[in-house]
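Here are my notes for your first read-through. Keep the structure open beside them and find each part as you go.

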Amino acid sequence: MGFGRLGAQGVPGEVALIATLDQIAQVTAPYNTPQARFSRNLLYLTRSPDGYTLMRDCGIRLDRRKITAWLAGERAPTPQQQARLEEAFRRLRRRNMRPSLTHRLNADGGTRVEIYPADQDDVEPQHQRTARWRHKNIYRWDPIVAAWSRSDLQDLSHQWRYVITELGSDWRRYEHVTHLGFWA
């Protein structure tokens, strides 16, 4: 039986890990308008040769006139172009933040992570499993942050499983979570 068939709600741990690391590294910083977010992404990408390379890798071909017109608001990118720019921004930001984020999370002997299990409010009482929030100190973040910076979901899944197996015999209850809290 698959996760959620009885009404439990949550996301795979590796997806929550990506979201939390993105938040810490300000990859998904909130902006008031989509235009402000778009401008931030475009400016960040156009400030380095790596940004242009990543935009090309994501299928975006830009010249200076188009960039100037987009930033001035004279022209607007298509939704597909905006999605590709967002993906290129995420890749570049994650790659640029990897060293400092690794250092920050490894500092002072590691970082404590609070793991909140899947929400079982909609599950019938006879099918609910007791799962309380847990905490785990992660002492070596290098492989986790490396997988995150590469957007390697398979490796992150492997790293997450390694983290939760150290929780003891009930580790499978934490494959899906509602939230991860970092003391970083």
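1. Start with a term. A helix here is a DSSP run of H or I with at least four residues, and helices are numbered from the N terminus. Trp70 has its place in one of these, helix α4, residues 64-72. Keep in mind that this is a predicted model.

2. Is Trp70 buried or exposed? Buried means under 20% relative accessible area. Trp70 has 3%, so Trp70 counts as buried.

3. Now look at what surrounds Trp70. Set aside its neighbours within four places in sequence. Trp70 is then in contact with Gln35, Phe38, Leu42, Leu62, Arg75, Ala76, Pro77, Gln81 and Leu85. Ser39 is 31 residues away from Trp70 along the chain, yet their C-alpha atoms are separated by 8.2 Å.

4. Turn to helix α3, residues 49-57. Its buried residues are Gly51, Leu54 and Met55. They cover an arc of only 100° around the axis, and therefore sit on the same side of α3. An α-helix has 3.6 residues a turn, so residues three or four places apart point the same way.

5. What covers that buried side? The cover of the buried residues of α3 includes α2 (34-45) and α5 (79-106). The face turned away from the buried side carries the exposed residues Pro49 and Asp57. Just after α3, Gly59 takes a positive phi of about 90°.

6. Next, the largest nonpolar core. It has 41 residues. Leu17, Trp141, Trp148, Leu180 and Phe182 have the most contacts inside it. Helix α5 gives the most to this core, with seven residues.

7. The contacts of Phe182 are then Leu17, Thr20, Leu21, Ile24, Leu105, Arg112, Val113 and Trp141.

8. Finally, the second largest pocket. About 190 Å³ of space lies in it. Which elements each supply at least two residues of its lining? They are β3 (134-138), α6 (142-149) and α7 (153-165). Helix α7 gives the most, with four residues.

9. Check the make-up of that lining too. By class, the second largest pocket is lined by six nonpolar, three polar and three charged residues. Among the lining residues are Lys136, Tyr139, Arg140, Pro143, His158, Tyr162 and Glu166. Find these on the model before you move on.

Conventions. Residues are numbered from 1 along each chain as its sequence is written. This is a predicted model: local features need pLDDT of at least 70, side-chain atom pairs count only at pLDDT 80 or more; totals for chains, interfaces and linings use all residues. Side-chain values use heavy atoms; hydrogens and water are left out. On a 1 Å grid over the protein atoms alone, a cavity is a set of points where a 1.4 Å probe fits but cannot get out, and a pocket is an open set with protein on both sides within 12 Å along at least five of seven lines; lining residues have an atom within 4 Å of a point. Grid points are joined across faces, edges and corners, and a volume is the space filled by probe spheres set on the points. Ala, Val, Leu, Ile, Met, Phe, Trp, Tyr, Cys and Pro count as nonpolar, Asp, Glu, Lys and Arg as charged, and the others, Gly among them, as polar. Buried means under 20% relative accessible area, exposed over 50%, partly exposed in between (1.4 Å probe, protein chains only). The arc is that of the directions from the helix axis to the C-beta atoms. Contact means heavy atoms within 4.5 Å. A nonpolar core is a set of buried Ala, Val, Leu, Ile, Met, Phe, Trp, Tyr and Cys residues joined through side-chain atoms within 4.5 Å.
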